[in-house]
Amino acid sequence: MTLSTYFMEATYLIASILFVFALKGMSHPETARRGMFLAEGGMLAAIIGTLIGAHIVTWVWIIAGLSIGSIIGAWMAIWVPMTAMPQRTALSHAFGALAAALVGVGEFLVHANDMPSITRWALGFEVMLGALTTTGSLIAAGKLQGVIHGKPIQFKGQNVVNALIFLTMATSFFIFIAHPEKVAVFYIMLGLAFVFGVMLVIPIGSADMPVVMSLLNSYAGLAAAATGFVLGNNVLIIAGTLDGFSGFILSVLMCKAMNRSITNVLFGGFGAVIAGATTDAGGVMREISLDDAAMQLAFASRVIFVPGYGLATAQAQHAVRELAELLEGRGVTVKYAIHPVAGRMPGHMNVLLAEANVPYSSLYEMEQINPEFPSTDVAVVIGANDVVNPDARDNPKSLIAGMPILEVDRAKSVIVLKRGQGRGFSGLENPLFFKSCTSMLYGDAKSSLSHLAQAVQHV
Ligand code: NAP
């Protein structure tokens, strides 16, 4: 081994260690930022090590790739709003997976006939997973952005068609392993994998897209790990495996938080059959004036804020912190209740509130806070809907029956901040809004919170 190869392997080791610590850091909101820095450091170490240690055929392509990638990455980081983060993440998966698939095609063109059979297995997996993750992630991004219809796209015989595509793709894979000289078979496998990615994601509704993305993240990681085997690159094997399994664990956790199984998410067509679901919701929604809401808050002794997707769209995280500080200044005990799938991506609320410097000690997870609602004077629901829908608990016929919820309806009084009669992501009516303890404060969450803060100051 040359000195530069030693250097490369050392940077790979450092990068792998940094990735492990990064994951550890990201497991807690307080250390998540540090985790991200560690991950960035690891990635930088891996890139520098590769540039110094690997055999570079031409710098032109490397510099072109680095420049284009950096420009697109910086553009996405600066301009994409927080609310569009899920589709941005889906695009990143598509890029990563496409890179893995293309590296696989490159390796096939150069080495297919002189590669050991075990490496051909890895190459086949890399190309298949990479290709299907690319198109799957693009469809997921399109659905989340609203470019493609968010409802599940289903047709008669869909499962048969999908099974046929899968079987033909798998058969091509095995023929490729046995006969790498059959170039056409390799490209059939590649083409079918691209098609399979589309077929896999179109029958899934956009409400389930975050889970799908986390699964696709897992596939992209495994494709990268397979790339590592093909190239004999240790850092890719380690990082890809970490990515693959953390994505899978996240998918399982999200399904658990929605009381759904992975198979139900992938094949259930959630959102397609809302007509079959029923709710007892009815009656009138009682509106509350800004001054009355401010009075309730100012004279309460315990208040719980319940943020949801509307807080994210309104970018109301700073406004809620300001109101909370005012109330605390008056001696009110303020807590924040965080539902695991509030918003549109895991940790969405934690990230937003941390950005506004809400102390982490004020955030409470669902299991911790639910017993506290009965002794709470006012629960303020800020742009949350599905995660506070009591039908999930009380109505076995509901489409979201069994999904654990924040039990705000058990508080003495509930004030709901939303713009109008809009429904949550599931599209279901919410009986909470018709309960006698609930009153509605209509308007954009940010402006409602700012006006409430002003009104509280005058109480
Ligand atoms: P939600 O059910 O989607 O409800 C959001 C509510 O916010 C809407 O009813 C809307 O009503 C209101 N709203 C929108 N913009 C607003 C604004 N500017 N100001 C005030 N209110 C506004 O949100 P959620 O309760 O957070 O539930 C999340 C949903 O996403 C769940 O169904 C969950 O299962 C799903 N999901 C989340 C994840 C995840 O990882 N977080 C993953 C998978 C699925 P108006 O239009 O009337 O204002």
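Biologist: Which ground rules apply to the model and its numbering?

Modeller: This is a predicted model, in which local features need pLDDT of at least 70 and side-chain atom pairs count only at pLDDT 80 or more, while totals for chains, interfaces and linings use all residues. Residues are numbered from 1 along each chain as its sequence is written, and side-chain values use heavy atoms, with hydrogens and water left out.

Biologist: Is strand β4 buried or exposed?

Modeller: The general idea is that buried means under 20% relative accessible area, exposed means over 50%, and partly exposed lies in between, with a 1.4 Å probe and protein chains only. Strands are DSSP runs of E with at least two residues, helices are runs of H or I with at least four, and both are numbered from the N terminus. Here five of the five residues of strand β4 (residues 378–382) are buried, so the strand is largely enclosed by the rest of the structure. V378, V380 and I382 point one way from β4, whereas A379 and V381 point the other way, and all are buried.

Biologist: Which strands pair with β4?

Modeller: Two strands are said to pair if DSSP finds at least two bridges between them. In this model β1 and β4 pair in the parallel sense over five bridges, and β4 also pairs in the parallel sense with strand β5 (residues 413–418) over five bridges.

Biologist: How many disulfides does the model contain?

Modeller: A disulfide is a pair of cysteine sulfur atoms within 2.5 Å, and by this rule the count comes to zero. Among the cysteines, C255 is buried with a relative accessible area of 2%, and C437, a contact of S413, is buried with a relative accessible area of 18%.

Biologist: Where is L327, and which residues is it in contact with?

Modeller: L327 is found in helix α13 (residues 317–329) and counts as buried at 0% relative accessibility. Leaving aside neighbours within four places in sequence, L327 is in contact with L297, A298, F305, V332, V334 and V456. The pair L327 and V456 is 129 residues apart in sequence, yet 7.9 Å apart in space from C-alpha to C-alpha.

Biologist: What separates a cavity from a pocket?

Modeller: On a 1 Å grid over the protein atoms alone, a cavity is a set of points where a 1.4 Å probe fits but cannot get out, whereas a pocket is an open set with protein on both sides within 12 Å along at least five of seven lines, and lining residues have an atom within 4 Å of a point. Grid points are joined across faces, edges and corners, and a volume is the space filled by probe spheres set on the points. The structure holds one cavity of 30 Å³ or more, and R302, V303, I304, T333, V334, K335, E372 and T376 line the largest cavity. The elements giving two or more residues to this lining are β1 (302–307) and β2 (333–338).

Biologist: How does the second largest pocket read?

Modeller: The second largest pocket has a volume of about 720 Å³, and of the 40 residues that line it, the closest to its centre are Y309, R344, D386, G424 and F425. The elements that give two or more residues to this lining are α8 (209–231), α12 and β5, with the largest share, four residues, coming from α12.

Methods
Contact means heavy atoms within 4.5 Å.
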